[in-house]
Amino acid sequence: MMMGSKSSENKGLYSAFIIGKACCKIIFSRAVLNILAAGTDTTAATSVWAMTALVKNPRVMKKVQEEVRNVGGTKDFLDEDDIQKLPYFKAMIKETLRLHLPSQLLIPRESTDECIVDGYRIPAKTIVYVNAWVIQRDPEVWKNPEEFCPERFLDSAIDFRGQDFELIPFGAGRRICPGIPMAAVILELVLANLLHSFDWKLPQGMVKEDIDVEVLPGITQHKKNHLCLRAKTRSHILMLEGTSCDENN
Ligand code: HEM
């Protein structure tokens, strides 16, 4: 994608794109937009799914909050160093990405050579779709796959960085998500601080069974219906209201 122009040499990526033809600007802006879309939508959706899973599983919510608060103590803000001391919290994020991965299908691949997968012959040059959602709920791999149970990762080396093919919310191989470090830091900081600073209650009259896990159609799997919760600090209750929550409050 780098544009060949002597004057663009050593002037950085942006110069390489804009010097020359107008279409280079378009390519550059599309590339930036792609990164923004790929990065913001997915992390936002995953944060909502994590909170959804936690309010639906009060046992996990209690356990993860205890861990976060033991480490956070009276601090106002948990930083990246604090988060390294939170094994259960990190396991909770893995479990969220196992059950509620934002991209269910990975980027399509083309097979280079003929091969046999599980008895099926895949000719060369076949477009192959990898369904990570199905892999991550495979009962032959995961015990009680539908259950939200971070404990499964506590004594396990399985990670989401593309080496363990049973957990591939960021994909694997050459086209693996390049945003993993950024996504991990954002998810950890956002969720740890939400759990540290607030208790999360359902709107009056609602029980956890009322919270659905329906998904909006689209490339990124967003929760279809807004997650509406009351955030309660130690000293007072902050009502977090969205327009769609009004009827519940
Ligand atoms: C929870 C957060 C995220 C999830 C679950 C996620 C997931 C994915 C997946 C599944 C792919 C396709 C990988 C494959 O087919 O092997 C992908 C690609 C990509 N992701 Fe992410 N992503 C996340 C956050 C981010 C962030 C924060 C950025 C950038 C700041 C980012 C940038 C990209 C880009 C540019 C690609 C395309 C890579 C290519 O075409 O080769 N993603 N992501």
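View 1. K63 lies in helix α3 and E151 in the loop between α6 and α7, so the pair ties together parts that are 88 residues apart in sequence (helices are DSSP runs of H or I with at least four residues, numbered from the N terminus).

A quick note on the model: this is a prediction, where local features need pLDDT of at least 70, side-chain atom pairs count only at pLDDT 80 or more, and totals for chains, interfaces and linings use all residues. Residues are numbered from 1 along each chain as its sequence is written, and side-chain values use heavy atoms, leaving out hydrogens and water.

**View 2. R59 and E151 in a salt bridge.** The closest N and O atoms of R59 and E151 are 2.9 Å apart. Helix α3 (residues 58-72) holds R59, while E151 sits in the loop between α6 (132-135) and α7 (180-197), so this pair joins parts 92 residues apart in sequence. Both partners are partly exposed: R59 at 46% and E151 at 24%.

**View 3. R59, K63 and E151 as a network.** Salt bridges link these three residues. The structure holds 17 salt bridges.

**View 4. R137 paired with E146.** Here the closest N and O atoms are 2.6 Å apart in a salt bridge. R137 is buried at 14% relative accessible area, whereas E146 is exposed at 54%.

Methods
Salt bridge = Lys/Arg side-chain N within 4 Å of Asp/Glu carboxyl O. Helix = DSSP H or I, 4+ residues; strand = E, 2+ residues; numbered from the N terminus. Buried < 20%, exposed > 50% of the residue type's maximum accessible area, 1.4 Å probe, protein only.
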